[in-house]
Amino acid sequence: MEAKVLAALDESSGEQQKDNLCGPFWAARVLNESGYSTWDGEPIDQDLIALRVRTLLPEAHAGSDVPPGAVSQTHYRYELATAPVAQSGTSAANLAQAIEAASSGRLSCVSLRGQWNAQRVERLVDEAQELGARLIANLRTGKLWASRPSIEILLAELIGRPVQGPAADWDVGHFVELEMLIRGPKGSLVVVHDSYPSLGWGGRHVQPPRAIADALLRGDGREGGVLAIATKAQEESVKALASRCGLEIGAWDNGTRS
């Protein structure tokens, strides 16, 4: 277990996603790190995945598409379709299908949805790590804590003291990886790997399970969920974990028109 944690922390966090390609960014990274570098003769990267899953870029609008501290990156390899802001993004269902197709079915992508709460998030992250499954969460960032809370707040959370988390850095629908669980005497924190190195510490920040649950529930009329990615041989184990956590298996509607 310690070796797996250290290996995760040693991974480069320096690459930033291109604007509005968070889902394709994580799909490409998981595929590449699982040993899949090409799909039908094309190199697997966030641009190829965005094309194949029909990601919709937002039409011209006011405001920024990146969080504080990040620089906009719009040098796409392909021309991608656009849609009104409320309907733009990447379909979670399309993303799951692409991961399985790009791996020729060797990877299984189990879509998890349901009535998220802190206990379900905590158990899912903890036991998925033991199974070797990777969790790509589709959530609302505005329900998370800010990515650099003080050490006093983090320690208070771990020892179970009442704490008011700092307000979120930004508020959009976003894909992130839920990497691991850190346990304290009475509380826990989820290590979140973000596609923006400007957030947290090199792209990693920690969130209480209840904040992750709130972010998955979203509260903005859209749905959130988690893609649990594992080898085909582990698919039934992942589904059994979903059952133990009280989660449903099925795609969710994150508002993307595609």
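Start by selecting helix 2 (22–33), strand 6 and strand 7: each supplies at least two residues to the lining of the largest pocket. The model on screen is predicted. Strand 7 gives the largest share of that lining, three residues.

Now show the pocket itself. The volume of the largest pocket is about 580 Å³. Select Asn20, Val85, Ser88, Val172 and Gly173, which are the closest to the pocket's centre among the 28 residues that line it. Colour the lining by class, and the largest pocket shows eight nonpolar, 14 polar and six charged residues.

Next, zoom out to the whole protein chain. Its secondary structure comes to eight helices and 11 strands. Along the principal axes, the C-alpha atoms of the chain fill a box of roughly 50 × 45 × 35 Å. The radius of gyration is 17 Å, which agrees with the value near 18 Å that a compact globule of 258 residues would have.

From here, hide the helices and look at the sheet. Seven strands make up an open sheet with antiparallel pairing, in the order 9-8-7-6-10-5-11. Strand 9 (204–207) and strand 11 (248–249) each have a single partner strand, so at these two edges one side is left without a neighbour in the sheet.

Bring back helix 4 (residues 92–102), which packs on the sheet. Helix 4 touches strand 5 (107–113), strand 6 (134–140), strand 7 and strand 10 (225–231). Its direction makes about 160° with that of strand 5.

Go back to strand 7 (residues 173–183) and select strand 8 (residues 188–193) with it. The two run antiparallel and are joined by six bridges.

The largest cavity holds about 70 Å³ of space. To find the cavity, select the residues that line it: Thr141, Leu144, Trp145, Ser147, Ala168, Asp169, Trp170, Asp194, Leu199 and His205. By class, this lining divides into five nonpolar, three polar and two charged residues.

Terms used: Residues are numbered from 1 along each chain as its sequence is written. This is a predicted model: local features need pLDDT of at least 70, side-chain atom pairs count only at pLDDT 80 or more; totals for chains, interfaces and linings use all residues. Side-chain values use heavy atoms; hydrogens and water are left out. Two strands pair if DSSP finds at least two bridges between them. Helices (H or I, at least four residues) and strands (E, at least two) are DSSP runs, numbered from the N terminus. Contact means heavy atoms within 4.5 Å. Axes are lines fitted to C-alpha atoms, for helices over the stretch in contact, and angles run from 0 to 180 degrees between N-to-C directions. On a 1 Å grid over the protein atoms alone, a cavity is a set of points where a 1.4 Å probe fits but cannot get out, and a pocket is an open set with protein on both sides within 12 Å along at least five of seven lines; lining residues have an atom within 4 Å of a point. Grid points are joined across faces, edges and corners, and a volume is the space filled by probe spheres set on the points. Ala, Val, Leu, Ile, Met, Phe, Trp, Tyr, Cys and Pro count as nonpolar, Asp, Glu, Lys and Arg as charged, and the others, Gly among them, as polar. The radius of gyration is taken over C-alpha atoms; the globule rule is 2.2 Å times the number of residues to the power 0.38.
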